[in-house]
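Notebook open, two chains to go through. I'll jot down what I look up as I go.

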Amino acid sequence: MQASQSCYRVLLRMCPPDLRAEFGAEMEALFLGDLARARGVGKVRVWARAIADLLRHGLGARNDSWNRVRHTSAYVDYETGRFLMDTWRYDLRHALRMMFRQRGTTAIILLTLALAIGANTAVFSAVHTVLIRPLPYQQPESLVMLWEKREAEGVMKNSVSAADYLDWARLATSFTAMAAFNEITADLTGEGEPEKLPVGAVSPSFFEVFGIRPLHGRTFEAGEDVMGRHRVVVLGHAVWRQRFGGDAAAVGRTITLHGIPHQVVGVLPPDVAFPQGEPQLFLPLVLQAPNEPPSRVSHNFYVFARLKPGVSMSQARSEMDRIGKDLEQQYPQLSRGHGSHVTSLPEEITGPVERTLVVLMAAVGFILLIACINVTNLLLARAAGRRREMAVRSAIGASRGRLIRQVLVECGVIALAGGAAGLVLAVWCVRVLAAQLPAVARPDQTVVFSLPVMLFTLAACVLSGLLAGALPAWHMVREDPAEPLKEGGRGAVSLKRRLRFGLIVAEVALTSLLLVGAGLTLRSFQTVLSQDAGIETTDRLTFRLGLPGARYKGSEASFRFFSELESRLAAEPLIRAVGGTMLPPLTGLDGRRGVVIENREVGPDDGPTRAHPRVVTNNYLQAAGSRVREGRGFLPSDTATALPVAIVNETMAKRYWPGASAIGGRVRFTDQEAWREVVGIIGDVKHWGLDAPVNPELYVPTSQFPTFAQTFVLHANGNPLALVPIVQRHVRELDPNLPLFQVRTMEEVAARSVERRRWTMTLLAVFAVLALVLAAAGIYGVMAHLVALRTPEIGVRLTLGARPVAVMRQVLGEGAVQAAIGLAIGLGASLVVMQGLRSILFGVEPTDPLTLIVVGVSLMVVALVAVTVPALRAMRIDPVTALRAQ
Amino acid sequence: MAQDRDRLDRFLPLKPFVLDVLLELADGKRHGWSVIRDIQQREGGDRILPANFYRTLRALREDGLIAEAAGDASKDPNERRQYFSLTPLGAKVARAEVKRLESLVLDPRARRLLKVR
């Protein structure tokens, strides 16, 4: 009852306020009385009648004051204002009546518009979410990211070393605050289940940069990033609710991270999001330890800063360039060629998806145009049937403006109805899109309907109504109103035919553009998938383990743990091979270090020699399915005490040992003394994703370079997921407090690396098919209508002895010529337009001939099929019937 | 007088529903609620719905056919319902409409219809 009451109250708002204030309560009581008496289906009836009552009389009562209700049953007196109002109402009613009278046409028009407007709304809601809505920070436009750049190497965005960050923060004056961020994990133990949580290790000024105030307590203070004062933690809202039940007294208590107590100093408000990862808690980033100078060679950090008011991006850039030069002079060895690159954070976040979304928006824009063309066609066909009606009305005094207005009102009504249907479709589409939208960097990303999206839909409706209605309306103005009244008059047909052929041409051209776009992304995707990953992805399971430093003191302990686990797993019959690596492939997890190649002359213009270290266990190459091209893989004999060894990938071998074999050469990390002998060369692994270029990689065995975290790769006999319980059992036996994470099959990992590409391709393909269907329907509609118009003419020709096949051929030929012209224009335009796609293509030229040919042929076939049906109908016209109809 | 006639004509013929309302009020002051309930019962069902009814009531008041009457606050101090009664104009209009209908019914042709039944 409560619900009915509030529903009715909402509906009551249709009444003017004074009526509602005076009688609202009584109306409500009457309605509720009726509803209470009704049983079963009767309730529905009561509702329906109440709604109808309020629609008619509640809304109607709003006009009563200046437009008196007549108590008489007949009235005729119009006042001028009343008349104007009334013609609008008349046009509206007329439009609705026309819609109902021609239900078939209306349904097709509505479906067409609904599909187009729905697709537009859905894509726009994604665009709005990601590109237009401001980021959830105070004055996001003044937020910047700072990267290390090495222009000589073509690297503009490298993560930053601790020493560089500290120098920048000390020297730069363009920023109100600067903060370093590193994403780590921590084992949270104590009350409740042990958990591995993503943690943001941040400089104390981090929250100041983003303008985030704590909900309770405080954030970090300056000085808490110094060893000894750093056992403090700021809780994210979710963890706080979960662990402390949302108790404000949590501030001041301690939690156990990695087995070490940390004092909670603050709690963050809900709904804060950060550009990197989804950290649940925050620890101070300790960069300064008493006996250890900050590293200039290990690049781990993201650096965020906020520009001072009035400082422009270019001023900040030139200041940072100057600082970079100074540091270069100060540390010629370590900082040679290093600089600092300042980028805008909003661009950083939306940049990667911007192009994709723009392409998609263009695609749905094309679809809306095609839909409008179709609707125009249908309206023109309908207008042809109504020429007499219009002529008669203009003959008895309707002005042209009045008639045009009527046509436009009709289009408006249709477009709004289509838009309403499209909105329903879009709600569903948005749900699908939101679920499929790949994890773009946008931190607060949820695709939702919002007011701007609604306004956009409304604008799309109005625009499509105007577009679709303009031509029929214009056409009507051009026509001599007397013409249709002449017996059998067909004077305007020729003009209309040209017009309609123009529409076919435009439609085919637009469709071919969409098809080419979709074809190119499809080909790119195919090319990407067919890339050799350099490892095997079938039957592989991966999972990650990180050892808490508190319980595994020293590299020995962790190496022992990982070796023990590996040998236990290797003994399992379901597991063919086991290996571990610090940085799993296809994930983008990476590190980069300076290396020195023995006997390699480094010219003054050469950038620093660098390689990406891959610390792997002895069996990793075998377990992952890497291919050894030359030399050997790692062996059990490569122990900590044996001769240090390394394996390089082909790219590194070619780059640093050009013209010679890398085997037997020696290499060392810049910050280590020991030389490592290169014992093998393996095939390039697509570490950064199937569509990313390969960098020099240097593989070293864990035995000679122990790590605290490893991703295991298991080669299974059969289903890799069947190994999960086995792995869990072994890990639990070795250490019950160690959570497994990122348990995925290698296939999943590979699929993730092409997620965005797959998403773009799928959507474009769906849009292309939609466009093709709409275009086919449009071509069919035009040709069918032209054949219907020409039935008498064809009848005469058949009577005079024309062969039916010739008639068919003529219709077919006309359609084919129009389609061919459209195709030529579309493909020609695609040569230019598709250049804009270049950045999202891979391994395919925008002018890929295969794609163009396939698109041309398939579009031509579809067009011919669409023309064939009316052509056959023309052939089968019975001359007698056709002439009798005259 | 002539002016008055003009005014009466302006309202005729009345919509049947409007006549219903005026007739209900002919007995004396009533509140809206009981008027609509009586009409609904007599017309057999719920053909007259609240928005329509109160909109008409408001319009009748604006046209001066009915007027608000003081409620019996003594009976129930919480009584917030509004009472309405016919104005002299309303009574005249109702009477004129009834006469018009009567003359129709008394028309010999109409009587024949009744006799046939």
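I started with burial in chain B: 25% of its 117 residues count as buried. My cut-offs, with C-beta atoms placed from the backbone, are 20 or more other C-beta atoms within 10 Å for buried, 12 or fewer for exposed, and partly exposed in between. For chain A I got 42% buried out of 886 residues.

A note on the source: this is a predicted model, where local features need pLDDT of at least 70 and side-chain atom pairs count only at pLDDT 80 or more, while totals for chains, interfaces and linings use all residues. Residues are numbered from 1 along each chain as its sequence is written, and chains are lettered from A and ligands numbered from 1 in the order in which they are written.

**Elements and contacts**

I listed 6 helices and 3 strands in chain B, running α-α-β-α-α-β-β-α-α from the N terminus. Chain A has 23 helices and 23 strands. These are DSSP runs numbered from the N terminus: H or I of at least four residues for helices, E of at least two for strands. In chain A, 82% of them join residues at least 24 apart; in chain B the figure is 57%.

**Inside chain B**

Which residues of α2(B) are buried? In this helix, residues 16–26, I noted V18(B), D20(B), V21(B), L22(B) and L25(B). They pack against β1 (30–31), α3 (32–43), α4, β2 (66–69), β3 (83–86) and α5 (88–106) of chain B. After α2(B) comes G28(B), with a positive phi near 140°.

**Where A meets B**

I counted 21 residues of chain A in contact with 19 of chain B. On the chain A side, α2 (17–37) and α3 (41–61) are the elements that give two or more residues. α3(A) supplies the largest share, 8 residues. By class I have 10 nonpolar, 6 polar and 5 charged on that side. The classes: Ala, Val, Leu, Ile, Met, Phe, Trp, Tyr, Cys and Pro are nonpolar, Asp, Glu, Lys and Arg charged, and the others, Gly among them, polar.

Then I checked α2(A) against α4(B), residues 50–62: the axes are 10 Å apart, at an angle of about 145°. Axes are lines fitted to C-alpha atoms, for helices over the stretch in contact, and angles run from 0 to 180 degrees between N-to-C directions. L19(A), F23(A), M27(A), L30(A) and F31(A) touch P50(B), A51(B), Y54(B), R55(B) and R58(B).

**α1 on α2, chain A**

The axes of α1(A), residues 2–12, and α2(A) come within 10 Å and cross at roughly 140°. So α1(A) is oblique to α2(A); under 35 degrees would be roughly parallel, over 145 roughly antiparallel, 65 to 115 roughly perpendicular, and the rest is oblique. From α1(A) I wrote down S4(A), Q5(A), Y8(A), R9(A) and L12(A), which meet R20(A), G24(A), M27(A), E28(A), F31(A), L32(A) and L35(A) of α2(A). The classes come to 6 nonpolar, 3 polar and 3 charged.

D539(A) is not a glycine, yet its phi is positive, near 55°. I found D539(A) in the loop between α14 (493–529) and β13 (540–546) of chain A.

Terms used
Two residues are in contact if their C-beta atoms, placed from the backbone, lie within 7 Å.
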